[in-house]
Amino acid sequence: MVWSAPKFFPFTIENEEFGKGGFCSAHKATSNSPDFQRKAYVVKYFLQSTKDVISELGETELEHARKSVQMQALAKHFAEQFDANVKKEGNEEEFGKTFRYVDTFLGIINDSQKVVTIEEYVTSNFEKYVNNDGVLCVKKNEDQQKKAESLVHFSYIKSSKKLMLVDIQGAGYNLMDPEIASLTGAFNDENNFLFCAGNYSKEAFTNFLRHISAMLFPIC
């Protein structure tokens, strides 16, 4: 979790947004840099409503974007651990393909000094499986839905029941824009907000674990 030294990379960013979520607007981008020209990318800008929330939390846009990229690195680690566990237990054939998180970078637009995040562009239908408040989004693809719920539960167990990976969403088996819920509350002892603005803390745990309990002990 150490930041590398900043470097300059030229990107061509489309003016028209192709998507908008609850926190950011998304624009397609490409680069001729050898480090980035192997694929298409998405540049995400904070919405004004997001900037207002960030300000209310006592953070700068740069601080919050840093946390967002770090949080995705943590989510990527959980997903890699999950995949390794499936293989270790010899369940690859039965379980099938596992989720991965796309690579994400922190960026500052040189001329405007706007803070952005940059991530791989993936082509597939976008789906959301679990909200950041822990509520499930029931989808037609039941197999991926169950795998997403398994990933959430795995993060809960691996973190000794202190954290939970939520806001499970993406295209195909490529996930992006996660949230982390913290059981002890959204603020630490120094009154700093933990993780990002979508941290629903105990509410996310309650909602998701209530679903797990309903699965284990169905009401007849």
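Just after helix H4, Ser 160 takes a positive phi of about 60 degrees; helices (H or I, at least four residues) and strands (E, at least two) are DSSP runs, numbered from the N terminus. The model is predicted, with local features requiring pLDDT of at least 70 and side-chain atom pairs counted only at pLDDT 80 or more, whereas totals for chains, interfaces and linings use all residues. Residues are numbered from 1 along each chain as its sequence is written, and side-chain values use heavy atoms, with hydrogens and water left out.

Helix H4 has 17 residues and reaches 24 Å from its first C-alpha to its last, close to the 24 Å expected at 1.5 Å a residue; the expected span is 1.5 Å times one less than the number of residues. Several residues of H4 are buried, including Gln 144, Lys 147, Leu 151, Val 152, Phe 154 and Tyr 156. Here buried means under 20% relative accessible area, exposed over 50%, and partly exposed in between (1.4 Å probe, protein chains only).

H4 (residues 142-158) lies across strands E5, E8, E10 and E11 (174-175), running at about 50 degrees to E8. Contact means heavy atoms within 4.5 Å; axes are lines fitted to C-alpha atoms, for helices over the stretch in contact, and angles run from 0 to 180 degrees between N-to-C directions.

The open sheet of 4 strands has the order E5-E11-E10-E8, with mixed pairing. Its edge strands are E5 (100-101) and E8 (126-130), each of which pairs on one side only. Two strands pair if DSSP finds at least two bridges between them. Strand E10 (residues 168-171) runs antiparallel to E8, and 4 bridges join them; Lys 128 stands opposite Gln 169 in E10. E10 also pairs with E11 in the antiparallel sense, over 2 bridges, and Ala 171 stands opposite Asn 174 in E11. These two strands, E10 and E11, form a hairpin with 2 residues between them, and Gly 172 in the turn has a positive phi of about 65 degrees. In a regular strand the side chains alternate between the two faces of the sheet. Both faces of E10 are covered, with Ile 168 and Gly 170 buried on one side and Gln 169 and Ala 171 buried on the other.

The count of disulfides (pairs of cysteine sulfur atoms within 2.5 Å) comes to 0. The sulfur of Cys 137 has its closest cysteine sulfur in Cys 24, 18 Å away, which is too far for a bond. For Cys 196 the closest cysteine sulfur is also in Cys 24, at 9.5 Å, again too far for a bond. Cys 137 counts as buried at 14% relative accessibility, and Cys 196 counts as buried at 3%.

Cys 196 and Glu 63 are 133 residues apart in sequence and 9.9 Å apart in space, C-alpha to C-alpha. Glu 63 lies in helix H2 (residues 61-88) and, at 40% relative accessibility, counts as partly exposed. The side chain of Glu 63 reaches the backbone nitrogen of Thr 60 at 2.9 Å.

In helix H5 (residues 202-216) is found Asn 207, which counts as buried at 18% relative accessibility. The side chain of Asn 207 makes a polar contact with the side chain of Arg 210 (3.5 Å); a polar contact is a pair of N or O atoms within 3.5 Å, where within protein one must be able to donate a hydrogen and the other to accept it, and residues adjacent in sequence count only if both atoms are side-chain atoms. Leaving aside neighbours within four places in sequence, Asn 207 is in contact with Asp 133, Gly 134 and Val 135.
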